[in-house]
Amino acid sequence: MAAPTIPAELLPRDGRFGCGPSRVTASALDELARVGRSVMGTSHRQAPVRSEVRALREGLHALLGAPEDHEVLITVGGATAFWDAAVFGLVEERSQHYVFGEFSSKFASAVKAAPWLADPVLVTSEPGTRPEPVAAPDDVDVHAWTHNETSTGVMQDVRRLDDALVVVDGTSAAGGLPIDLAQVDVYYFSLQKGFAADGGLTIAIVSPRAIERIERIAASGRYVPAFLDLGVVLENSRKDQTYNTPAIATVILARAQVQQMIAEHGDLRGVVAAQRSKADHMYGWAESRAWAQPFVSEDAARSLVVATIDLDGISADDVNAALRAHGIVDTDAYRKLGRNQLRIGMFPAVPLEDLEAFTACVDHVVAQLS
Ligand SMILES: *Cc1c(COP(=O)(O)O)cnc(C)c1O
């Protein structure tokens, strides 16, 4: 069989649909080129870089509608490093985790490996579903949520259940899914997904209760490596600095993207409305094709930022190879999930028109493969 072809007029303007990292917008890259000429390569302890950090912290606070008394922390390492920081500096004795995919399971494993903490409570569900929130045993002092399980395209509604701190992994969700930060003590995320920047940094939006916990553990005498010390993160963030050298390009790209999102949509509600239109298009398309269906059967659990679409009778590898040959890239299923599936990033930087072009291209390829 000849390799499938896609006519140029069907192609999206931009073919990057990965779920991590997100595509980076041309306007953010232009801003980096403009600002970077004077700011890149200068000290992160001086005003030019610190004012970029400040603008990012303030922009995130405003866009995400954080309560007045919540602070935006910034540190080096990404969400993966933050799991270890939380093991040292947020969990006092024991945590409870909702585990429903790769990312949620990784944080639980980091806690389990820490000899000074009790074994975590795991509330699990099958990939493609989400666990029901449940009250935790009395000795649990952290509820670990994953707002969007990027490996499966399942989103979870986050809320306070009891006195334990609500600690939410917002990587991939932040900036695209609704959240009420008054219900959250720590909302942490990397910047290369919903905020379309580059990797390497972590943001954590923390409540006064979380700050109190961080300060108490920092003063308790528990051994904490300096790089993972949230007390040090707090101190530096308040000065718009980081303990060690940050990825300055990531700061500038994220700052530009956050400001662009505010200019375009006003606030998170506006962004979420746009996300709903994109999700409606993707899932509606899959439901109307005999050879496709949304992987996630519960309507309300279907992610607004990561669409997972199972294929039936058509090889997703063949579809992805044909797409890649035409510059449409990174739509493979999460590797460990092992399903015959397309996984499409619908992050805020991806416009609806490109998703419409994407589905038209898949239709065109499938017609040639079947
Ligand atoms: C991508 C991702 C991570 C890991 O982010 P890094 O910046 O690579 O550490 C963690 N959690 C979720 C939900 C993710 O999507």
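1. The model is predicted: local features need pLDDT of at least 70 and side-chain atom pairs count only at pLDDT 80 or more, while totals for chains, interfaces and linings use all residues. Residues are numbered from 1 along each chain as its sequence is written, and side-chain values use heavy atoms, with hydrogens and water left out.

2. For Thr 150, an N or O atom of the side chain is 2.4 Å from a ligand oxygen atom; for Ser 190, a polar side-chain atom lies 2.6 Å from an oxygen atom of the ligand.

3. The ligand has 13 residues around it, of which Thr 80, Thr 150, Asp 169, Ser 190 and Lys 193 come nearest (a residue is near if one of its heavy atoms lies within 4 Å). The shell consists of three nonpolar, eight polar and two charged residues (nonpolar: Ala, Val, Leu, Ile, Met, Phe, Trp, Tyr, Cys and Pro; charged: Asp, Glu, Lys and Arg; polar: the others, Gly among them). Helix 3 (residues 78-89) supplies the largest share of this shell, four residues (helices are DSSP runs of H or I, at least four residues, numbered from the N terminus).

4. The axes of helix 1 (residues 26-39) and helix 7 (residues 248-265) come within 9 Å and cross at roughly 135° (axes are lines fitted to C-alpha atoms, for helices over the stretch in contact, and angles run from 0 to 180 degrees between N-to-C directions). That makes helix 1 oblique to helix 7 (under 35 degrees is roughly parallel, over 145 roughly antiparallel, 65 to 115 roughly perpendicular, and the rest oblique).

5. A cis peptide bond, with omega about 0°, joins Gly 20 and Pro 21; Pro 21 lies in the segment before helix 1.

Methods:
Polar contact = N/O pair within 3.5 Å; in protein donor to acceptor, adjacent residues only side chain to side chain. Helix = DSSP H or I, 4+ residues; strand = E, 2+ residues; numbered from the N terminus.
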